[in-house]
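Hi,

Here is the model I promised to send over. Have a look at it first, and then read on for my notes.

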Amino acid sequence: MATDRTWIVPVAVLLALAALPAVLTPYSQDLVLKIAVYAIFALSLQLLVGMTGLVSLGHAAFLGIGAYVAVLATGDGGPASLLWLLPAALAAAATYALFVGVLSLRTRGVYFIMVTLAFAQMAYFVFHDTKVGGGSDGIFLYAKPVLALAGTTLVDLDDKRQLYYAVVAALASTYALLALIGRSRFGHALAGIRINEQRMRAAGFATYPYKLAAFVIAGALAGLAGLLLAVKDGAVNPELLSWHESGAVLLMVILGGIGSLRGAVIGAVAFTLLKELCQSEALLGPLAGHWQLTLGLAIIAFVAWLPKGLIGLGAPGKTRAAQRDG
Amino acid sequence: MAEPLLRALSLTRRFGGLTAVDGVWLDLNRGELHAVIGTNGAGKSTLVNMLSGELGASAGRIELEGTDITSWSQPRRSRAGIGRSYQRTTIFPSLSVFENARLCAQARTQRPWALWQAAGACATSGAAAGQALAATGLQDVAQQAAGLLSHGQQRQLEIAMCLATGPRVLLLDEPLAGMGAEETERMLALLTELKRDHALMLVEHDMDAVFRVADVITVMVDGAVIASGAPDVIRNHPEVRVAYLGEGH
């Protein structure tokens, strides 16, 4: 049962995030920024995997499209306004999600995984093999977007501090939106579809539009993460759309805990830190050169010992049925 | 008699070379419990699946109060008032008993765009769920996880979930399967109660129960109807006795 105090932890985390820049070094602030962007990305996938029961292995396509649109739409004519750049990036990702969703949601299970992967690879090769986005090298974002009203610049994402707060605000908004969805009739219907789609249809729910709506929202939120990632890095490249990236975000969700918003955030933190750790020559010496191996082994160990994800560590009092299916 | 609520007209379903349901005519009327009996593989469950819209028809027609609904999807038929229960328990095990019923009731007031409204505070679906649980005697276990209920209670929940959608026609696929004597009695009393303002179709193997509560019995063999009528007529029908009640050797 949800109690009225479920908001305390997220709000505390938000306050801590807001206070962090005062004590962080530039390197660790960049790391926190990266984690926050990936947390948005993982949250967007949690809507599909954990809330609707749709395991997509092509979610990076929407991240990449959001990122590329942010860069391509900016061009080299000076900074773009967030007022139209943000909607444009979200709309582009949502449109591709609509296209992919319309076709892929006609399949189920492992076929759905393969079809989403195929569509993501398609998008990947469009950016990799054509001149649209500078080919395999990608392109730079020359001017970071701003938010200006009546001649006054309110937000300038070229400023590290302002970018940090913009990303934290985006993370908080994404989390709040998904929490709202989770408690709404829409979210409860998605949960019903996840547990027993046949029964939902028998009850009178046309489940296909529900799944499609979830797919498009998830795509748009991934596009938001993409835009922020492009602004943070100041560049984009096709690897953003690669299946490695789709696999990584799926691992974040699994690592943190399928079905829980906090799990997605914790998963993004754990995965990013694990990767940093495995790549650290200071800690692992020559082994850091083989970070894929150590990261892989670490994840296997996590999944073996914590089948419910890291979030499962903090929830000892659940009923058996909730543990079985939740 | 008024026009039947739900009507099957020469309904046929073929799977490759097999005709699972073969030219079946069936009328379901409000205030009437219509039992469909037959051996395993006679096409009873296929018939339920076709009427509820889970399976399309190869030939024939289905009418709801005179409207041709043959091409309607299952969700649309459900919203029009055709409810069904499943032979194998098909519930949401991890959700509470109440939420199982409430979620089904929500199909009538979906409003998925109203993200600011909490599902738990939805008065319409909450009230419908409360009534459905009260009707099936599950109000005391409303907050339990549905997966932890006894088999008999889960069968009752099947019916409650169907009732929560506010159906006019109830298609019940073996609601008594695996139930104890006491639970069977309670279920039969519930069916008699529901009969008053619903049209009921009951697919059932328990012959004692069928002959006790049914107003009309239809007998299927190999997908086709071999007899249909009042229980007394069916009991003494020569073909039925040969084909199904195991006599005449």
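**Notes on the model**

In chain B, buried residues account for 48% of the 249 residues (buried means 20 or more other C-beta atoms within 10 Å of a residue's own, exposed means 12 or fewer, partly exposed is in between, and C-beta atoms are placed from the backbone). Bear in mind that this is a predicted model, where local features need pLDDT of at least 70 and side-chain atom pairs count only at pLDDT 80 or more, while totals for chains, interfaces and linings use all residues. Residues are numbered from 1 along each chain as its sequence is written, and chains are lettered from A and ligands numbered from 1 in the order in which they are written.

Chain B overall: it has nine helices and ten strands (DSSP runs numbered from the N terminus, with helices being H or I of at least four residues and strands E of at least two). The C-alpha trace of chain B spans about 65 × 40 × 40 Å along its principal axes. Its radius of gyration is 18 Å, which agrees with the value near 18 Å for a compact globule of 249 residues (taken over C-alpha atoms; the rule is 2.2 Å times the number of residues to the power 0.38).

Next, strand S7 (residues 169-173) of chain B, where five of five residues are buried. Val169(B), Leu171(B) and Asp173(B) point one way from S7(B), while Leu170(B) and Leu172(B) point the other way. S7(B) runs parallel to strand S6 (residues 82-85) of chain B, with four bridges joining them (strands pair if DSSP finds at least two bridges between them). In that pairing, Ile82(B) has Val169(B) as its bridge partner. S7(B) also pairs in the parallel sense with strand S8 (residues 199-203) of chain B, over five bridges, and here Leu172(B) is partnered by Leu202(B).

Eleven residues from domain 1 of chain B and twelve from domain 2 of chain B make the contact (C-beta atoms, placed from the backbone, within 7 Å). On the domain 1 side, H6(B) gives the most, with three residues.

Now for the two chains together. How many residues of chain B are in contact with chain A? The count is 32 residues of chain B, against 28 residues of chain A. H2(B) brings the largest share of the chain B side, four residues. That side divides into 17 nonpolar, eleven polar and four charged residues (Ala, Val, Leu, Ile, Met, Phe, Trp, Tyr, Cys and Pro count as nonpolar, Asp, Glu, Lys and Arg as charged, and the others, Gly among them, as polar).

Ala114(B) sits in the loop between helix H3 (97-106) and helix H4 (123-135) of chain B. Ala114(B) touches Ser184(A) and Arg185(A), leaving aside residues up to four places away in sequence. It counts as partly exposed because it has 14 C-beta neighbours inside 10 Å.

Finally, confidence: chain A has a mean pLDDT of 90, and 95% of its residues reach 70 or more (pLDDT is the predictor's confidence in each residue, from 0 to 100). Go carefully with residues 317-326 of chain A, where pLDDT stays under 50.

Cheers

Notes: Contact = placed C-beta atoms within 7 Å.
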